[in-house]
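Subject: Structure handover

Hello,

Here is the structure I promised to pass on. Please open it first, then read my notes below.

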Amino acid sequence: MPPPKSQTAHDYFPPFGGLKSFYEVALTGSAVRAAERLQVSPSSISHQLRSLESELGVRLIENRKGRLFLTTDGAQFFDRIKGPMSEILRATEAVRSMPGRKRISLTLTPS
């Protein structure tokens, strides 16, 4: 989808799923542990990371002997997003723990 006329392609947020995956991999050093924390599959983490790297045009993560490490660009990016991502998590927890919050549970069949 092309950007609205008042915006450029640089005004868009990167995919949030990719940001979450990158954040968790940066914290844990593992796609498996990141997947467990985000309750998704490790292949989903890999896909999200590739999508984010493609969007940004840089490599953020490198695999060395089965362990994931941040590239120089990845470390710089993580340093810039870790504060805001942590703040989003804290704000989310604050909303979830508000008094009087109602929870709705849905049970759906696979079809």
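In what order do the elements of the chain run from the N terminus on? The order is α-α-α-β-β-α. That makes four helices and two strands. Please keep in mind that this is a predicted model. Every value below was computed from it.

**The chain as a whole**

The chain has 111 residues, and 26% of them count as buried. Its accessible surface comes to about 8,600 Å². Carbon and sulfur atoms account for 55% of that surface. Now take the contacts between residues at least 6 apart in sequence. Of these, 48% join residues at least 24 apart.

**The core**

The largest nonpolar core holds 18 residues. Which of them touch the most other members? They are Phe22, Val25, Ile45, Ile61 and Phe77. Four helices, α1, α2, α3 and α4, each supply at least two residues of this core. Helix α1 gives the most, with five residues.

Look at Phe22 next. Set aside its neighbours within four places in sequence. Phe22 is then in contact with Leu49, Leu52, Leu60, Ile61, Leu70, Gly74, Phe77, Phe78 and Ile81.

**The largest pocket**

How much space lies in the largest pocket? The volume is about 310 Å³. Its lining can be picked out in the viewer as follows:

- Phe16, Lys20, Tyr23 and Glu24 are among the lining residues.
- Arg37 and Leu38 also belong to the lining.
- Met85, Ile88, Leu89, Thr92, Glu93 and Arg96 line this pocket too.

Three helices each supply at least two lining residues: α1 (16-28), α2 (31-38) and α4 (72-96). Which element gives the most? Helix α4 does, with six residues. By type, the lining divides into six nonpolar, one polar and five charged residues.

**The second largest pocket**

This pocket has a volume of about 150 Å³. Its lining is made up of Ala31, Ser46, Leu49, Arg50, Glu53, Arg59, Ile61, Glu62, Asn63 and Leu68. The elements that give two or more of these residues are α3 (42-56) and β1 (61-64). Helix α3 gives the most, with four residues. The lining divides into four nonpolar, two polar and four charged residues.

Two of these lining residues have come up before.

Start with Ser21. You will find Ser21 in helix α1. Is Ser21 buried or exposed? Ser21 is buried, because its relative accessible area is 3% and the cut-off for buried is under 20%. Leave out residues up to four places away in sequence, and Ser21 touches Leu38, Ile45, Gln48 and Leu49.

Next comes Gln39. This residue sits in the loop between α2 and α3. Why does Gln39 count as exposed? Its relative accessible area is 72%, and exposed means over 50%, so Gln39 falls in that class.

Leaving aside neighbours within four places in sequence, Val40 is in contact with Ala35 and Ile45.

How far apart are the C-alpha atoms of Val40 and Ser21? They are separated by 9.7 Å, with the two residues 19 apart along the chain. Ile45 is a contact of Ser21 and also of Val40.

Best wishes

Terms used: Residues are numbered from 1 along each chain as its sequence is written. This is a predicted model: local features need pLDDT of at least 70, side-chain atom pairs count only at pLDDT 80 or more; totals for chains, interfaces and linings use all residues. Side-chain values use heavy atoms; hydrogens and water are left out. On a 1 Å grid over the protein atoms alone, a cavity is a set of points where a 1.4 Å probe fits but cannot get out, and a pocket is an open set with protein on both sides within 12 Å along at least five of seven lines; lining residues have an atom within 4 Å of a point. Grid points are joined across faces, edges and corners, and a volume is the space filled by probe spheres set on the points. Ala, Val, Leu, Ile, Met, Phe, Trp, Tyr, Cys and Pro count as nonpolar, Asp, Glu, Lys and Arg as charged, and the others, Gly among them, as polar. A nonpolar core is a set of buried Ala, Val, Leu, Ile, Met, Phe, Trp, Tyr and Cys residues joined through side-chain atoms within 4.5 Å. Buried means under 20% relative accessible area, exposed over 50%, partly exposed in between (1.4 Å probe, protein chains only). Contact means heavy atoms within 4.5 Å. Accessible areas come from the Shrake-Rupley method with a 1.4 Å probe; for residues, only the protein chains shown count as cover.
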